[in-house]
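Colleague: I have some questions about how the labels on this structure were reached. Could we go through them together?

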Amino acid sequence: MKNQWNVGILLFEDVDVMDYSGPYEVFNLSFRDANQVQEFFESEKELEGKPFNVKTIAQHKQLITADHGLKVMPDFCFDTYNQTFDIVIIPGGPLKAIKSGMNNKEVLNWIVSQHKAGATIASVCTGAFFLAAAGLLTNKKATTNILALDFLENQFSDVEVVRNVRFVDNGDVLTSAGISAGIDMSMYIVERLLGIEAARTATMTMEYPYYESASIKQ
């Protein structure tokens with residue numbers, strides 16, 4: 001088992017806040033040992049040796065305005081981080097953000113390059129449109145926000161759209177339903193890498209109801 005996984009969360013203009021902040025919290029609040037939770041709460045500095053090293057990244061190193069106006073500065077941009085993440089989270093946003101993303105060749109090429117280098121790519125909500133436009137969902141099952149399921153099906157006939165699930169697991173490519181479902185998918189990834197007890201500890205720490213086999217695997 002690896003000592004630590006590097007998690008990169010993509011940010012872009014009009015990104016949905018919970019799409020990226022939900023997974024951000026899950027991975028940052030995951031521990032191998034449940035006893036570390038209290039230590040984390042009481043500590044005045046970041047604990048060393050956590051299983052996930054979580055960073056945000058954007059196309060350019062500049063202030064991002066998320067959906068509804070929240071401002072956030074990414075940790076890195078494509079030019080300043082030339083390594084491969086182990087896990088890449090692609091959040092979603094409103095239609096204008098999705099249309100912009102689907103036409104942004106640099107962003108799509110970056111996603112593909114991370115996948116080719118071995119990263120697991122996981123989309124939240126309408127982030128599935130980035131994956132579909134990048135060709136990572138071709139002939140695969142996928143899901144997205146309930147409001148965008150028909151749009152995904154109409155835009156990408158080579159994607160088998162799945163309804164009424166929280167997330168879909170294709171191994172190294174995952175997609176989740178809308179917004180809060182990204183938390184479930186992230187918990188599932190934690191379970192896959194660290195085991196069920198680590199995932200249960202994370203849900204307890206976040207006081208989030210644990211998912212109940214709400215995925216579908218290719």
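Modeller: Happy to; here is the reasoning behind some of the labels, bearing in mind that this is a predicted model.

Colleague: How do you know that the length of H7 agrees with a helix of 14 residues?

Modeller: H7 covers residues 181-194, and at 1.5 Å a residue it should span 20 Å. Its end C-alpha atoms are 20 Å apart, so the two values agree.

Colleague: What makes H7 mostly covered?

Modeller: Of its 14 residues, 11 are buried. Among them are Ile-183, Met-187, Tyr-188, Val-190 and Leu-194.

Colleague: Why is Tyr-188 called buried?

Modeller: The cut-off for buried is under 20% relative accessible area. Tyr-188 has 9% relative accessibility, so it counts as buried. Phe-167 has a relative accessible area of 1%, and therefore is buried as well.

Colleague: What makes Phe-167 and Tyr-188 an aromatic pair, and why is the pair called tilted?

Modeller: The structure holds 10 aromatic pairs. In the one formed by Phe-167 and Tyr-188, the rings are 4.9 Å centre to centre, with 40° between the planes. Ring centres must lie within 6.5 Å to pair, and planes under 30 degrees apart would be stacked, over 60 edge-to-face, so 4.9 Å and 40° give a tilted pair. The pair links distant parts of the chain: Phe-167 is in strand S10 and Tyr-188 is in helix H7, 21 residues apart.

Colleague: Which residues touch the most other members of the largest nonpolar core?

Modeller: Phe-27 and Phe-52 do, in a core of 66 residues. H7 gives this core its largest share, seven residues. Leaving aside neighbours within four places in sequence, Phe-52 is in contact with residues including Phe-27, Ile-87, Val-190, Leu-193 and Leu-194.

Colleague: How do you know that the reach of H1 is close to what is expected?

Modeller: H1 has 12 residues (17-28), and 16 Å is expected at 1.5 Å a residue. From its first C-alpha to its last, H1 reaches 16 Å. Its buried residues, including Tyr-20, Val-26 and Phe-27, pack against several elements, among them strand S1, strand S2 and H7.

Note on methods. Residues are numbered from 1 along each chain as its sequence is written. This is a predicted model: local features need pLDDT of at least 70, side-chain atom pairs count only at pLDDT 80 or more; totals for chains, interfaces and linings use all residues. Side-chain values use heavy atoms; hydrogens and water are left out. Helices (H or I, at least four residues) and strands (E, at least two) are DSSP runs, numbered from the N terminus. The expected span of a helix is 1.5 Å times one less than its number of residues. Buried means under 20% relative accessible area, exposed over 50%, partly exposed in between (1.4 Å probe, protein chains only). Rings of Phe, Tyr and Trp (its six-membered ring) pair if their centres lie within 6.5 Å; planes under 30 degrees apart count as stacked, over 60 as edge-to-face and the rest as tilted. A nonpolar core is a set of buried Ala, Val, Leu, Ile, Met, Phe, Trp, Tyr and Cys residues joined through side-chain atoms within 4.5 Å. Contact means heavy atoms within 4.5 Å.
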